[in-house]
Amino acid sequence: MNIGIRKAGRATILDLDGPLKLGEAEESFRNQIQQLVDAGTTHVAVNLAGVTELDSSGIGALVRAFTTLKRAGGKCTYFAPNKRVIMLLKMVRLDTVLDLAADEATALARI
């Protein structure tokens, strides 16, 4: 998994590209979120458009990132998930818990 980082105003955008599954991908995403929080960045938008696969560990990493940023006094929004990712999040009823936006503009407006 590749993680691109860019800034948009006060938000940091993470562009995820590849499968978010158990192992290296999930670990690098988790570490990236922790580095941002440690550096004082608490407003993060995560671009899910490039996520090709998602398993339970990946879902756990999304939830962990959401709660970590919330506890740090910030906000985490996910945007542009593909149909398969949306279906998985709905199946485990996280579509109502996580802040999901259709596109980047909507996500940034919420942060």
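This is a predicted model: local features need pLDDT of at least 70, side-chain atom pairs count only at pLDDT 80 or more; totals for chains, interfaces and linings use all residues.
Residues are numbered from 1 along each chain as its sequence is written, and side-chain values use heavy atoms, with hydrogens and water left out.

**The chain as a whole**

- You'll find four helices and five strands here; these are DSSP runs numbered from the N terminus, with helices being H or I of at least four residues and strands E of at least two.
- Going along the sequence, the pattern reads β-β-α-β-α-β-α-β-α.
- The radius of gyration, taken over C-alpha atoms, is 12 Å, close to the 13 Å that the globule rule (2.2 Å times the number of residues to the power 0.38) gives for 111 residues, so the chain is as compact as a globular protein of that length.
- Along its principal axes, the C-alpha trace spans about 30 × 30 × 25 Å.
- Some 45% of the 111 residues count as buried, that is, under 20% relative accessible area with a 1.4 Å probe, protein chains only.

**The sheet**

- Five strands make an open sheet in the order β1-β2-β3-β4-β5, with mixed pairing; two strands pair if DSSP finds at least two bridges between them.
- At the edges sit β1 (2–8) and β5 (100–101), each pairing on one side only.
- Leu 14 has Val 46 of β3 as its bridge partner.

**Helices against the sheet**

- Helix α2 (residues 56–71) lies across β2, β3 and β4 (75–79), and runs at about 145° to β4; such angles run from 0 to 180 degrees between N-to-C directions, using lines fitted to C-alpha atoms, for helices over the stretch in contact.
- Helix α3 (residues 83–91) packs on the sheet too, touching β3 and β5, and its direction makes about 105° with that of β3.

**A look at Thr 12**

- Thr 12 lies in strand β2 and counts as buried, because its relative accessibility is 2%.
- Its side chain makes a polar contact with the side chain of Lys 7 (3.3 Å); that means a pair of N or O atoms within 3.5 Å, where within protein one must be able to donate a hydrogen and the other to accept it, and residues adjacent in sequence count only if both atoms are side-chain atoms.
- Leaving aside neighbours within four places in sequence, Thr 12 is in contact (heavy atoms within 4.5 Å) with residues including Ile 5, Leu 36 and Val 44.

How values were computed
Buried means under 20% relative accessible area, exposed over 50%, partly exposed in between (1.4 Å probe, protein chains only).
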